[in-house]
Amino acid sequence: MRRWQAGGALWLLLCLATPLPAAETLTLGVFAYRPATVMQAHYQPLADYLSEQLPGAEVRLRVLALDDIETAIAQRQLDLLMTNPSHYVLVRSRSSLSGALATLIRQEGAQAVRSLGGVIITAAQRDDIATLADLAGRRIGIPGTRFLGGYQTQAFELQQAGLRLGRDAETVALGSHDRVVAAVLAGEVDAGFVRTGILESLAAEGYLDPAAVKVINPQRLADFPFQASTRLYPEWPFIALPQVPRERVQQLAIALFSLDPSHPAAQAAGLAGFSPPLDYLVVENLARELRLPPFDRAPALTWGDVWTQYRDFLLGLAVASGVVILLLFMLARRNRLLRRQHHRLRLLASVFSHAQEGVMIITPQGEIVDVNAAFTQITGYPRDEAIGQHARRLSASEQDRDFLRALEQRLDRDGCWEGEVWNRRRNGERYPQRLTISAVHDEAGRLERHVCLLSDITELKAHQQRLEQEAHHDALTGLPNRQRFSDRLHQAIAQSRRHGNRLAVVFLDLDGFKAVNDTYGHDVGDQLLAGLAGRMQRALREGDTLARLGGDEFVALLRDLHDEAAGLAVVKRLLAVAADPIVIDERRLQVSASLGVAFALRPRELDAARLLHRADQAMYQAKRAGRNRFCVSREAIMAPCTGPSPTPEESPLG
Amino acid sequence: MDRRALLTRLLAAPLLPLALSGCQPDRRLSLGIHPWPGYEPLYLAREFGWLPASVRLQEGRNASDSLEGLRRGALDGAALTLDEVLSARADGVPLTVCLVFNDSVGADALLVRPGIGSLAELAGRRLAVERTAVGRLVLAKVFAASGLAPSDVTLVDLPPDRQLTAWRSGGIDAAISYEPTATRLEREGAVRLFDSRHFPGLILDVLALRRDRLLWYDAAIDKLIAAHFRGLAHLRHSREDALHRIAAWRDLSFAEAKATYAGMALPDRAGNRRYFGPQGKLRETARTLQALLGTPGDRLSTDRLDDLASDHYLGDA
C-alpha cells in the first residue's frame, strides 16, 4: 500500500517535472579541478553537444567546487554530474546515486586513456629522495586531500609501503596541481603529489622542463602515456541523477558513447569520448583503506576478521599468555608456600629464642654457629662469646674419650643422641645437664649441622634426691627407715659372707620418752627424738647405720667389727649419748635407752631375721633388767644379761 | 581451519620467536611458474607485495622448466596444466591440485602462415610444438580434426618462447602455442587456425603441489592462495591497471594483453570449488586426458587419480 503511494507520488512528480518537453533543462555539474574559467571553456562545448543530441532538452553547465556539488545535489539542483571517482563514491553513499552511466576517456596524443593515477615528484637534483621510504619526514605539497590523483592515490601507495601521511610526513595543501609543481621546482616543498598527465600537459604547454623533476616510484605500464607513481584507477564517471527519466538516460548514453574524438566538444575537453562505466569498487576500496569519507569511521571489526588476519599471532599470543599465566600461578603457589614457610620460620625462631631449653647449633666440626638466650642463662656464656668457639671448650670436658666416641657413633647411626652429662658453667660451677643432640642434613643428605638442646637439671636432680631420701629415710630424724635399714643389713650380711667380716645389730628403745611426750607435747618429743638421733648418729663409726623404726625405737647396724669388744665400745657410746641431757626450748630434758645387741661373729649367725629377732629379745631383756643398759644376745642361750657395761642410773625424767 | 592445521600452528607457536629471529634454514615454498595469462594474478600479487615471504616464485621460461624442477625435487609445486600434472604423477612426482588458475577457451592455439587455409594444408609443413602434454594434447586434437597422421608433418620441438625467433627466420610454417606468444605470433602475421575453443574444458591450468610436502607449508599455501585471489580481484576490478602492467611485462600492447584474456576463464574462489569434489570437472577432465594421452597399461592410464585434488586450501564456502 505504502509502496503504491510512493510510486504514485513519484509519478506525479515526474509529470510535474516534465510538463513541456521543449522547456526541459538538465543541469550538468562539473567538478572544478582547475580554475572555473578554464573549466567553463573546456566543458561548455560538451554541454552544447548534449543539448543538441537530446531532443527537447537543454543542458546547462555549472562548474562547482566539491562542497557546492554536494549542496546542489541535496537541493536537487543537478541532473547530471561529472566529478572525480572518489568524490563520486562519497556522493553516492550520501545520496543514493545510481551507478555511473559512463567513464570518460581522455585523449593524450594518439592514445586514449580511461585510467588515472598519482605522480610523486621531486626536484631532479634531489639525490636524497629516490624511493617512497625517502619521503618519511618530508614536506610534501598537494593540491588538496580530496583530490584522487593529487593526494589519495599517493597516500594509499605510501600506506602500503608503511608510511602514513600526517604522521610520517607533512603535507601542505596548495590548492592546485600547477602550484604543487611550482612549489617543488622552487624548493618550497621536498616533494609534490600531482595527478597523472599534469606533468605532460605542463611540459606540452611549455611551463615545465621535464628534466627539472623526477618521478618517485615510477610504474612500468605499457600503453599508458603518462608517468605514474601509483596504481591506476578509473577515470571520471558521468552520472545521471535518479530524478532523470529513463528515456533521457538512454538518450544520454547514446549521445555520450557516440561522441567522436574529433568532435569539437571532445576536442575542447581533451576527451576521446566515453566508454561503458568501469568498476569503481577499487576507488571505494581505496577510500575504505585510507578511511576517507564516507568510510572515515573505523569499520566494525568482527572477531572473525581479527581471527582471520592475526590467526598465527593470536595463537602465539594465546600460548604465550597461557605460559605466562601458568608461570604466574606457579609463582603464586611458590609465594604462598614461602609465606607459610616464613611464618613457620618466625615461629621456629621465636621458639628458638624463647625456649626454656638452651639451644646450641654447631657445625659437624664442632664450631658453634648460634645459641639462644636460654643457653646463655644456663651456661653463663654470652652469645657473642659462644659463637665461633668450639663446643668442647664450653663443656666440662669431663667425659672420657670412650664416652665421646660412643656418642659420635650413636649420632652417626641414629642421627641423635640423648643423655645426661656433667658440665661446667662459665663461673666454674659443675652442674648436671640433659643433652639432646640431633643431626641436621641438607637436601642431598650431607650432614650440615648438629642441634644441641640442653637443660640444667640441677633442680631435677635435687628433687630426685629428695624423693629418694623420703622413700628411704625417716622424715623426722633424717635417719634411714626400716626399709633402708633392711637393705643395708642384707648388703652387710652379703659382704660378711664373702669377706668373713663380723657385724652386730643393736636394738635401741628410749626409756621415759612417753612421759616427755605426754608432759611437753609432741613437738618437744619430736625435737628430742631428732636431737638424740643426731647424737647417736655421731656416736657411730663410719660405715655403721642408724635407723629409726618408728616411735622411740631405733636400730643400729655395726659393720666390720674386729671383735665383740669393738662392737661393745660402740654400744656403750650409744648408751652414753642417749642418756646425756638435752636442752629443748630452754628445758633440760634427759632420757635413757635400753639396748639389745646381737653379734654375728660366725658365718652361721649371718641371718637377718634371726639377728633382728635376737637383738629385739636382748633389748627386752635390758628393759626388763631395769633400763638404761644393754643386753647381748648369745646364740645358744639368751644371755644372762646386763653384760659387761656399767649400769647407768634409771633416770627417765632426769 | 581443521584440527591438523590448528595443531601445526599450536606446535609452532612456541617456536615463533625462533622463526622471528631468522635462524631457521630456508624453508620457503618454492613454486615453479612461467609466463601465462592465467598465472598473472600471482605475478600481480608479487608486484604489489601480497605474496607471503614464505613463498618463492621460481620463474622459468616455460612449463618444461617447472616439470624439470619438480622431477629434481627442487620445487615444491608448480603452476601447470592438468595434463602436465598427470604426466608428472606418472613419473612419480606426487602432485595434488589445490587451485584452478584458468580454463582455456581459446588461449591455446595453432597458428599458421597466411595462405594455409585449412588444417589439411598442414601436410608437409614444419610444425613447431612443445613436447609437453599440452603440446601433445593440442597436436592430438589437430590430427583428429584434420585427419592427418603424425608422419604427414615435420614436427619441430620448440617451446613457445623460442617459436617467435623461428617464425621470423622462417624456420617454421605453423606453431602450436599459447598466450602470450600466440598473440605475438599473430602480430607477426600468423593466422589463428585452430584453438582450444574447439575442445573446451580440456586444458586446465592448475596449481599443483607435492602432496608429501603439503604439511610443511600449510600456512604458506593458505597465504599463497589468498594472494592469488587478491591478484585475481585486482585483475577484475582494476582491470585497466592490471592490463597496463601485464602488457609492460610481456611486451604486449594494452589491447593485446586484453585480448589474451578473451580465451580463458579465471574462476574465483567460489568458481574454483566447482572444479573439485567427486563430481567436479577436474576429475572428469583428468579421465578424458588419460584416455587421450595414455597408452593402455602405462602409468598415466593406470593412475587411479586418488588424491588428485584437494579443496582444503580454498576454505569453506
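## Helix 22 of chain A

In this predicted model, A:Leu611, A:Arg614, A:Ala615, A:Ala618, A:Met619, A:Gln621 and A:Ala622 are the buried residues of helix 22 of chain A (buried: 20 or more other C-beta atoms, placed from the backbone, within 10 Å of the residue's own; exposed: 12 or fewer; partly exposed: in between). They lie on the same side of helix 22 because they cover an arc of only 160° around the axis, an arc being that of the directions from the helix axis to the C-beta atoms. On the other side of this helix, A:Ala609 and A:Arg624 are exposed.

The helix runs over residues 608-624 of chain A, and its 17 residues should span 24 Å at 1.5 Å a residue, which agrees with end C-alpha atoms 24 Å apart. The expected span is 1.5 Å times one less than the number of residues. Helices (H or I, at least four residues) and strands (E, at least two) are DSSP runs, numbered from the N terminus.

## Surroundings of the helix

Strand 20 (502-511), strand 25 (592-600) and strand 26 (630-633) of chain A are what the buried residues of helix 22 pack against. Just after the helix, A:Gly626 has a positive phi of about 120°.

## Contact between the chains

In chain B, 17 residues are in contact with 18 residues of chain A (C-beta atoms, placed from the backbone, within 7 Å). Helix 10 of chain B gives the largest share of the chain B side, six residues.

## Conventions

Residues are numbered from 1 along each chain as its sequence is written. Local features need pLDDT of at least 70, and chains are lettered from A in the order in which they are written.

How values were computed:
Predicted model: local features only at pLDDT ≥ 70, side-chain atom pairs only at ≥ 80, totals over all residues. Contact = placed C-beta atoms within 7 Å.
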